[in-house]
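Hello,

Here is the structure I promised to pass on. Please have a look at it first, and then read my notes below.

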Amino acid sequence: MISDQLVEFLHGPSFLHLGTRDADLRPAHTAAVGAVAHDDRRTVTVFVPAARAGRALEHLRQNGRVALGAGQMSHEAYQFKGTFLSSRPTDEADIARQEAFRLRFLDSLRQGYPEEIARPLSLGFAYRPGVAITFRVEEIFRQTPGPGAGEKLA
Amino acid sequence: MALLPEEIKPAMQGVIPSDVVTCARDGTPNTTAISQVYYVDADHVALSHQFFNKTVRNVRENPRAAVWLISPKTFDSWDLEVEFERSETSGPVFETMDMQVEAIASMVGMKGIFKLRAADIYRVISVTKNVDERISLGEIADGR
């Protein structure tokens with residue numbers, strides 16, 4: 001379901017935004033730092049700081065519905081929608097992945113921002129301790145601004 | 001009520017994209033990056049209705065939305081809980097947003113693609129500074 005191109009895109013570096021909602025359909029946003037598309041091409045793990053994970057996890061345990069937006073400096077953007085599967089604390093391998101992500105994110109932001117914005121913006125997202133949230137991807141949408149925005153890709 | 005503090009205004013200048021999460025009536029959340037959240041008054045913001053049609057459809061089914069913002073000056077981030085009130089296609093808010101959308105489009109090479117269709121006005125329900133989402137500037141400077 002998740003193509004090679006989308007795997008590469010999801011691995012970033014991208015702005016990552018997790019969307020969830022409560023039992024009353026009130027939506028909530030959680031910023032994420034890093035994501036992994038697994039070899040089955042159907043599941044994704046996204047990393048959120050533990051201090052910010054409580055609300056999202058409460059929502060996900062209640063209803064399972066999740067949306068992950070990924071966007072890059074080029075304005076290319078995609079959204080992955082699906083169902084929550086599991087969560088766990090991030091481990092050393094996850095943190096190493098996140099630290100590599102942060103440095104690549106900094107490099108990407110330097111293409112569009114001066115250093116005084118690129119550095120604090122990219123490196124300023126809290127990431128450890130973190131929570132790894134895994135979900136099954138059921139739909140993928142193009143969100144790049146333009147005529148194809150909203151197109152369902154899978 | 002004057003919920004929006006003065007210190008949030010730099011986060012509404014369109015320097016760093018914001019994000020909006022909405023929810024369809026069937027319970028499916030949707031997240032969309034937006035170029036700018038506009039300060040209307042201390043209790044209202046406006047979101048540009050350009051081409052993010054799922055967001056537009058969702059808030060007409062279920063008016064609640066969550067908006068994430070970040071300041072390019074302090075790098076504080078904020079969560080707003082908002083509720084869709086109305087859509088404007090003329091008037092001072094629309095005209096101001098139209099000019100700013102044009103300016104942002106020129107700056108980022110999206111002229112002709114970013115096009116304002118309407119100014120969607122939202123009432124602010126709550127404002128939260130996300131102190132636990134950000135690493136302090138001092139820690140970043142220390143090389144963390």
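Let me begin with helix α1(B), which lies across β1, β2, β4, β5 and β6 of chain B and runs at about 45° to β1(B). Helices (H or I, at least four residues) and strands (E, at least two) are DSSP runs, numbered from the N terminus. Axes are lines fitted to C-alpha atoms, for helices over the stretch in contact, and angles run from 0 to 180 degrees between N-to-C directions. Two residues are in contact if their C-beta atoms, placed from the backbone, lie within 7 Å.

Before going further, a word on the model: it is predicted, local features need pLDDT of at least 70, side-chain atom pairs count only at pLDDT 80 or more, and totals for chains, interfaces and linings use all residues. Residues are numbered from 1 along each chain as its sequence is written, while chains are lettered from A and ligands numbered from 1 in the order in which they are written.

Back to α1(B). In this helix (residues 53-61), Thr55(B), Asn58(B) and Val59(B) are buried; a residue is buried if 20 or more other C-beta atoms lie within 10 Å of its own, exposed if 12 or fewer, and partly exposed in between, with C-beta atoms placed from the backbone. Seen down the helix axis, the buried residues of α1(B) fall within an arc of 95°, so they line one face of the helix. That arc is taken from the directions from the helix axis to the C-beta atoms. Their cover includes β1 (18-23), β2 (29-34), β5 (64-70) and β6 (77-88) of chain B.

The sheet of chain B

Seven strands of chain B form an open sheet in the order β2-β1-β5-β6-β7-β4-β3, with antiparallel pairing; two strands pair if DSSP finds at least two bridges between them. β2 and β3 (37-41) of chain B stand at the edges with a single partner strand each, so one side of each is left without a neighbour in the sheet. From one strand to the next, the twist averages 35°.

At one end of that order, β1(B) and β2(B) run antiparallel and are joined by six bridges, with Ser18(B) opposite Ile34(B) in β2(B). The two strands form a hairpin with five residues between them, and Gly27(B) in the turn has a positive phi of about 95°. Five of the six residues of β2(B) are buried, so this strand is largely enclosed by the rest of the structure.

Elsewhere in the sheet, six bridges join β4 (residues 44-49) to the antiparallel β7 (residues 118-129) of chain B, where Val45(B) has Tyr122(B) as its bridge partner. Helix α2 (residues 92-107) of chain B lies across β3, β4, β6 and β7 of chain B, at about 55° to β4(B).

Chain B as a whole

Chain B has three helices and seven strands, which follow the pattern β-β-β-β-α-β-β-α-β-α along the sequence. Its radius of gyration is 15 Å, close to the 15 Å that the globule rule gives for 144 residues, so chain B is as compact as a globular protein of that length. The radius is taken over C-alpha atoms, and the rule is 2.2 Å times the number of residues to the power 0.38. Of the 144 residues of chain B, 42% count as buried.

Where the chains meet

In the interface, 32 residues of chain B are in contact with 37 residues of chain A. On the chain B side, β1, β2, α1, β5 and α3 (137-141) each supply at least two residues, and the largest share, five residues, comes from β2(B). By class, this side has 17 nonpolar, eight polar and seven charged residues. Here Ala, Val, Leu, Ile, Met, Phe, Trp, Tyr, Cys and Pro count as nonpolar, Asp, Glu, Lys and Arg as charged, and the others, Gly among them, as polar.

Chain A

Chain A also has an open sheet of seven strands, in the order β2-β1-β5-β6-β7-β4-β3, and the pairing is antiparallel. Seven bridges join β5 (residues 65-71) to β6 (residues 77-89) of chain A, with Gly82(A) in β6(A) as the bridge partner of Val66(A). Gly82(A) is also touched by Glu138(A), as are Lys81(A) and Thr83(A), not counting residues up to four places away in sequence. Glu138(A) is found in β7 (residues 130-142) of chain A.

Best wishes
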